[in-house]
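The sequence and structure come next.

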Amino acid sequence: MSLKQKVTDLLNEASSDILHEFFHSELTESTRWDSDEVTDFRKKLSDTGVRFEHVDNYGGEEMGREYWSVYAFHDEAHVVYVKFDGWYESYNGSEYEEWFFVEPRQVQVTEFSRV
């Protein structure tokens, strides 16, 4: 089974609480995980040989409506990236909507500064 399929199966079986923890960039492999639900998820990851790490996140107060976190899931030979996507509103906070696979891509940005 491919790494992408393993991650798909794991995340499709994960509870909404687990997905929200990823969305809020609160899960790391070194974090102490206290709940039984999170411990069970961690065991499933370990049993399938999948590890993960937080890569990037964006959003929150004064950053507009956009809010997301990206994690890299990897085994010994491969890596896949997952974006946990949602939105933010100052009166409502952040809200998770979905996860999907992404790939890193470098972009060139031109900025104009005052001379």
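## Order of elements

From the N terminus, the elements of the protein chain follow the order α-α-α-β-β-β-β, that is, three helices and four strands. Helices (H or I, at least four residues) and strands (E, at least two) are DSSP runs numbered from the N terminus.

The model is predicted: local features need pLDDT of at least 70 and side-chain atom pairs pLDDT 80 or more, while totals for chains, interfaces and linings use all residues. Residues are numbered from 1 along each chain as its sequence is written, and side-chain values use heavy atoms, with hydrogens and water left out.

## Extent and burial

The C-alpha trace of the protein chain spans about 55 × 35 × 25 Å along its principal axes. Of its 115 residues, 35% count as buried (under 20% relative accessible area; exposed is over 50%, partly exposed in between; 1.4 Å probe, protein chains only).

Among contacts (heavy atoms within 4.5 Å) between residues at least 6 apart in sequence, 40% join residues at least 24 apart.

## Charge and the negative patch

The protein chain carries 11 positive and 25 negative side chains, and the centres of the two sets lie 5 Å apart. Lys and Arg count as positive, Asp and Glu as negative; His and the chain ends are not counted. Charges are placed at NZ of Lys, CZ of Arg, CG of Asp or CD of Glu.

Asp 17, Asp 36, Glu 37 and Asp 40 form a negative surface patch. Patch residues have over 30% relative accessible area and no salt bridge, with like charges joined within 9 Å; a salt bridge is a side-chain nitrogen of Lys or Arg within 4 Å of a carboxyl oxygen of Asp or Glu. Helix α3 (residues 36-48) gives the most to the patch, three residues. Asp 40 lies in helix α3 and is partly exposed, at 47% relative accessible area.

Methods: Patch = residues over 30% accessible without salt bridge, like charges linked within 9 Å, V, L, I, M, F, W, Y side chains within 5 Å. Areas by Shrake-Rupley, 256 points an atom, 1.4 Å probe, with all protein chains shown as cover.
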